[in-house]
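Trainee: I have a new model open and would like to learn how to read it. Could you walk me through it?

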Protein chains: 2
Amino acid sequence: MISQTEENYLKALWNLTSTKGEASVNELSKQLDIKMPTVNSMMKRLAEKGLVNYESYKPLKLTDKGKKLAALIIRKHRLTEMYLVEKMGFGWEEVHDIAEQIEHIQSPAFFEKMDELLGYPKIDPHGSPIPDKNGKVETEQYIRYIKLSDCKEGDTVTFMAVSHSSDELLKFLNSRDLALGSKIKVKSIEPFDESMTVSYASRKAEMLSNKVCDKLLVRPV
Amino acid sequence: MISQTEENYLKALWNLTSTKGEASVNELSKQLDIKMPTVNSMMKRLAEKGLVNYESYKPLKLTDKGKKLAALIIRKHRLTEMYLVEKMGFGWEEVHDIAEQIEHIQSPAFFEKMDELLGYPKIDPHGSPIPDKNGKVETEQYIRYIKLSDCKEGDTVTFMAVSHSSDELLKFLNSRDLALGSKIKVKSIEPFDESMTVSYASRKAEMLSNKVCDKLLVRPV
DNA sequence: GTAATAAGTTAGATGATTCTAACAAAATCA
DNA sequence: TGATTTTGTTAGAATCATCTAACTTATTAC
């Protein structure tokens with residue numbers, strides 16, 4: 001059996017390794033806000049359980065078993081977020097903390113029911129893909145998304161997802177009426193700080209800092 | 001702060017003390033399937049926190065603070081059960097184990113939303129009262145319910161609640177189409193084992209053992 | 001009203017999850 | 001390349017929630 005604590009380590013590791021494929025004890029420690037020695041011994045334990053490849057002074061990797069398990073936790077998290085938004089009327093900026101707790105519920109029937117009631121969604125309210133029941137992630141189109149900050153003047157793109165969303169960022173986007181699916185046109189880019197002036201829907205000219213643009217994943221129209 | 005474990009002790013104590021007002025370490029130990037010494041030390045801890053009145057060799061009682069806290073956990077449990085049945089389509093026999101986990105979620109907004117979506121229900125799917133936001137329980141009519149096993153031949157009653165329901169009992173009731181609200185007529189009582197033959201809705205003559213009748217709470221029509 | 005049984009308590013151990021302090025290895029910088 | 005900084009590891013302690021074994025108090029049964 002796997003504890004909630006262990007689940008949290010797996011999930012954090014899954015997130016950290018999604019790009020590079022590996023992560024350090026230090027990164028994991030910072031991500032979880034848990035001291036390095038604690039992380040170190042947990043890694044040994046997860047290695048014992050066949051979920052992590054751990055060797056002294058080497059980067060951490062999830063085993064296939066660990067990856068699958070982590071993806072299934074992420075699946076529960078993202079399904080929950082979608083359920084909270086679609087069926088309970090929460091805002092996309094409110095659901096993370098609740099999902100963080102509900103993802104640990106042990107009840108296949110519960111998540112099965114959510115999935116069914118939602119019509120088997122492929123993405124969560126922030127545009128992130130929901131892993132399937134086998135822990136497989138639909139990366140096909142997702143990985144093709146680019147950052148708004150990498151677009152050029154004159155580009156027109158569709159806002160597809162928010163990466164590493166925080167409450168604050170989501171509230172900011174709410175305040176600007178910037179929702180998933182919006183068609184965004186890059187009107188100009190300020191050379192000094194790389195801030196963008198964009199237009200979309202009812203907004204003729206909105207200024208977005210580079211820090212914001214870096215978090216918005218878009219697809220060329 | 002109070003841990004999930006502590007919440008479970010409080011809840012069990014609340015259930016045990018609901019009738020007599022007090023409970024023994026031994027009863028609590030059996031209820032939770034946790035050995036007496038463990039229960040004993042937990043009682044000392046909860047006494048430290050002002051939730052339980054504990055004195056050596058004396059019966060256990062919840063303090064007012066403990067009662068309120070326990071009732072609020074029961075509230076979360078019962079609201080969840082109602083939500084699972086009403087909004088997600090689960091059967092009343094399936095919801096206990098899920099609610100047992102969800103009751104520990106820390107998110108006032110989450111339960112607030114459930115309550116709102118359900119239209120502020122007063123009872124759960126098994127007919128038990130849902131404590132209000134202040135931990136007050138609507139006992140007015142609930143305590144007036146009597147057991148079906150205490151009825152006489154010829155009595156006609158309404159099935160209002162199931163006490164201490166188990167999955168097995170609920171599945172049994174499902175199999176006999178016996179649902180809350182059913183008007184039940186006691187046709188005869190077998191003197192030997194006190195089993196009852198009753199009629200209700202489409203059923204002309206169903207035999208119910210005393211063990212079953214003892215769990216069904218009814219109100220005279 | 002003792003003797004036997006049940007219930008309650010104390011003491012000490014274990015495993016999980018965390019920490020700090022101290023040391024070792026790797027990476028970076030000058 | 002050698003010194004410094006960062007990262008990783010080991011050792012040892014703390015807390016929580018649990019246990020078993022042994023002892024004490026209360027209750028029940030003759």
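Mentor: Let's begin with strands: two strands pair if DSSP finds at least two bridges between them. Helices (H or I, at least four residues) and strands (E, at least two) are DSSP runs, numbered from the N terminus. In chain B, the bridge partner of B:Lys147 in S8(B) is B:Leu217. Two bridges join S3(B) to strand S8 (residues 216–220) of chain B, and the two run antiparallel.

Trainee: Before we go on, what should I know about the model itself?

Mentor: This is a predicted model, where local features need pLDDT of at least 70, side-chain atom pairs count only at pLDDT 80 or more, and totals for chains, interfaces and linings use all residues. Residues are numbered from 1 along each chain as its sequence is written, chains are lettered from A and ligands numbered from 1 in the order in which they are written, and side-chain values use heavy atoms, with hydrogens and water left out.

Trainee: In what order do the six strands of the open sheet in chain B lie?

Mentor: The order is S3-S8-S4-S5-S6-S7, with antiparallel pairing. Strand S3 (146–147) and strand S7 (203–208) of chain B stand at the edges with a single partner strand each, so one side of each has no neighbour in the sheet.

Trainee: How are chain A and chain B related?

Mentor: Copies are superposed by least squares on the C-alpha atoms of residues with pLDDT of at least 70 in both. Here a rotation of 180° with 0.0 Å of shift along its axis places chain B on chain A, with an RMSD of 0.1 Å. The two copies are thus related as by a two-fold rotation axis. In chain B, the C-alpha nearest that axis belongs to B:Ile102, at 3.6 Å.

Trainee: Which residues are closest to DNA strand D?

Mentor: A residue is near a strand if one of its heavy atoms lies within 4 Å of it. DNA strand D is surrounded by 21 residues, the closest being A:Asn26, A:Asn40, A:Lys44, A:Tyr54 and B:Arg45. Sugar and phosphate make up 75% of the atoms of DNA strand D that come within 4 Å of the protein. H3(B) gives the most to this surface, with five residues.

Trainee: Which side chains have an N or O atom beside a phosphate oxygen of DNA strand D?

Mentor: Among them are B:Ser3, at 2.7 Å from a phosphate oxygen, and B:Arg45, at 2.3 Å from one.

Key:
A polar contact is a pair of N or O atoms within 3.5 Å; within protein, one must be able to donate a hydrogen and the other to accept it, and residues adjacent in sequence count only if both atoms are side-chain atoms.
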